[in-house]
Amino acid sequence: MLIENRGDVVILAPRHRVDTNNSPEVEKVVFENIGDGEGKMVIDFSQVDYISSAGLRVLLKTAKQMKKGGGKLGLCNLNDQIKEVLELSGFLGIIDCYDSVDSCLAAFR
Amino acid sequence: MHNLIPILIAAVGLATLLNVVLKKINMPTVIGYICTGAIIGTVFDIHVHGNETLEHIAEFGVVFLMFSIGLEFSVSHLKSMKKEVFLFGLLQVGLCAAVFAAISHLIFDIELKAAIIVGFGLALSSTAIVLKILNETGKIKTEVGRNSLGILIFQDIAVIPILLLITIFTDTGRSLSELLLSTSMNAVLALGILIAIGKLALGHIFKAVAGTNSKEIYMGSILLTVVGASYIAHHFGFSYSLGGFIAGMMIADTIYKYQVEADLIPFRDLLLGVFFVSVGLQIDFNIVAANIVAVIALGAGVILVKTLAIFCLLLFSSSKKVALKSAITLCQVGEFSLVVFSLVMANKMMDPTAVQILMVIVIASMVIAPFLINNVEFLSGVLIKSKIEEEALDQSSMLGGHVILCGFGAFGRVVSEQLDESRINHVVLTNNTESFVKAKESHKTVVFGEPDDRDTLERLKIRDAMSVILALDDFEDVKKASASITLIDPKIKIIAKIPSEEERHELEDFNHELLLDGNQQTATVLVDQINRSRLLTKETATLQYLDDYSFDNPGETIQKIEREQTRLLDVISRSFNGLREEKDIMHIKAFHDSFKVLSEIIGGVITELMSSTSLSPKEYERINILLDNQHQLISMNDTLEKLGHELKAMKKDDKTKSLSEMTVEGLDAILLTLKDIAGDYDEDDMLMLEGITSNKKGGLFRIRESYLGAERDLDASGKSLLLSSTNHIDRLRSLFGQIGSNYRRLSEGV
């Protein structure tokens, strides 16, 4: 997973799939980077083509932590399939999604 | 007599109207028929007494009922119920008659002989009402059902000596010994003739009739048997219905039992309707109005005394609760009592007004009976507080159900052997005499009947069955049986043997789990699958917390209910995994079945606890939340079952395949959050759940918009599938949210 810092924003870019097999690892990296959830984080899905319920759980835990800490979370570059699963699961009601990393960063400002 | 046609139109119209209303409020049709009789009788000034045609038609309703009861009673079955029939029956009739006779003689100053007859008359219960309801609700096989059935059969037999007693008390021309001798001789003659015909001729007659393959000849022969046997019994001085009962018993020993039963039901129900209308016709509103206080007081007294007497005598052999339920079931006075009291009046043994009051009491008790029987669980729960785990666990005996194997040809026999090896309970259904004999010789549980006959399939409890296997040689029969099963319940899983792949598409409209060619290897695979599914059901539905609880400590029991209820979410979660891993439908059905068993047990404990008076207001509130959760969970399981079918269908189409897979992942993620909340409540998790289930952003509008648009090019059935599935997803999300809110209330220490 690629990790990039732009100012006070952490950008994470997982790859291929976020499923039962690698979600513990994704969760570990995410939580290492959000601390108490007071910061800002962008998860870039441009290289992800599939997310399972285990992956969605990681997103939910992240959103919960950020909400608690007063931080900001944004997802971007979602393919149609991932947009669909976020809509089906109702996650679009609690997590903001953007077309690109830049538009997400702009919204954070 | 009045012009019959307007009366018939009015009666049928009124009965239909009343019964539609009663069915809507879940009440038995018996009440509708009786009310119809009462209203028609008053409006058209008709009375059943003295109208022999009407009396006979009405009586044949009971004859057909007794015949169908007789069908359940082969001689061997009667032997196995000798305790219920001859011990409980004798004690019940004896005890109740003695109590009522003593009260009539000592308190109401009725002359001793008349008091004895009144005692016997009031001791009888209503076979027609009780057995109709027990049959309809399937409770006939329970301990309460067996007790009631046994006692009712004895009562029906006891009618003969009671009628004889009236003759003895009033016939001054003949001595007692003469009367007893002639009755005994008549009994021996009537039974001898009926049994001889049954044993020697009936089997051959039905074999010849079945060979004609004509439904109307078959029906004719059944009618001839019933009416003929009733006539013979009546000719020798016994009731028509006893003849019907014996005819039923004779057929019970033949292979035609189930087919006869299935063909008979429409006749029986129609004639029973006429019978109940005739009961209503006997209500004389003038007498009711003039003696309303006496009718109410005496009616209540009779019901109370009878309940108490039956309860006390059954306590020696059954638990308190079963004894009470049986007593409430039998506490009314029955149709044969009307016959007894009519004779008392005809023989001038009592004041006619007093007899009329007695008859009104009988009818009133018959009107009340369905209410009491339908609410017997509630009433017994209120009166007796007890642990119900035995009852609840009894229900778990339905775990995994049974298999109905239609056809016993070469493939059917292999499947049956494999099922036996895996110790899977199954019943063979065949319409082939040769196959029937083969199955009998192999000691199989076998029923002779048509695999496409819905009544026969219902009698084999097809809704509770784990699976139905159509191992029929003729493909037309497979189609017919599939259609009948789908009409009974489209959710029933069918496994069918097909001659070749070409026929596969002809069965696409039905809910087939597997379509197989007919070789031995597929039989092994099939049975293996059923077996795994059964083991899975048993494993998941085993109680973990409510296996031991007590109503003495309601707080702890409520906690156990909470924990056991959380397991329902686990079961649902496992069925999600089944969907994701593309397990076969039977694997997923195993979880739905486990869910049903577990939720029934939990629901039973909640209901029992609700009726406990020792709960604090706070505990009532908690139980109320758990009850609401229970309803939401059941609704969730049902919705998921439907959605599972839709997703499976959507997966077959490339255009909706991905959506189907994503739905499982998306919903599973919400369910996992809900499970966290249920297991260990956390307000932050709850806020997340609220956020994702609130539908603030328009539900699945965008998905519908995208898939229903022209570019996706879905056909009509694809569009309908998409609409239906997204509605179910919306429903599930809303249920997840509602259950989460209930857990919040529980965590707040309500």
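Biologist: What should I know before I start?
Modeller: This is a predicted model, where local features need pLDDT of at least 70, side-chain atom pairs count only at pLDDT 80 or more, and totals for chains, interfaces and linings use all residues. Residues are numbered from 1 along each chain as its sequence is written, with chains lettered from A and ligands numbered from 1 in the order in which they are written.

Biologist: What is the strand order in the open sheet of chain A?
Modeller: The order is 1-2-4-6-7, with mixed pairing. Strands are DSSP runs of E, at least two residues, numbered from the N terminus. Two strands pair if DSSP finds at least two bridges between them.

Biologist: Which are the edge strands?
Modeller: Strand 1 (2-6) and strand 7 (96-98) of chain A, each pairing on one side only.

Biologist: In what sense do strand 4 and strand 6 of chain A pair?
Modeller: Parallel, over 5 bridges. A:Met41 has A:Leu73 in strand 6 as its bridge partner.

Biologist: New topic. Which residues touch the most other members in the largest nonpolar core?
Modeller: B:Ile34, B:Cys406, B:Val415, B:Val468 and B:Leu470, out of 156 residues. Such a core is a set of buried Ala, Val, Leu, Ile, Met, Phe, Trp, Tyr and Cys residues joined through C-beta atoms within 7 Å. Buried means 20 or more other C-beta atoms within 10 Å of a residue's own, with C-beta atoms placed from the backbone.

Biologist: And where is another core?
Modeller: Apart from the largest one; this other core has 84 residues, among them B:Ile558 and B:Leu659.

Technical notes
Helix = DSSP H or I, 4+ residues; strand = E, 2+ residues; numbered from the N terminus. Buried ≥ 20, exposed ≤ 12 C-beta atoms within 10 Å, placed from the backbone.
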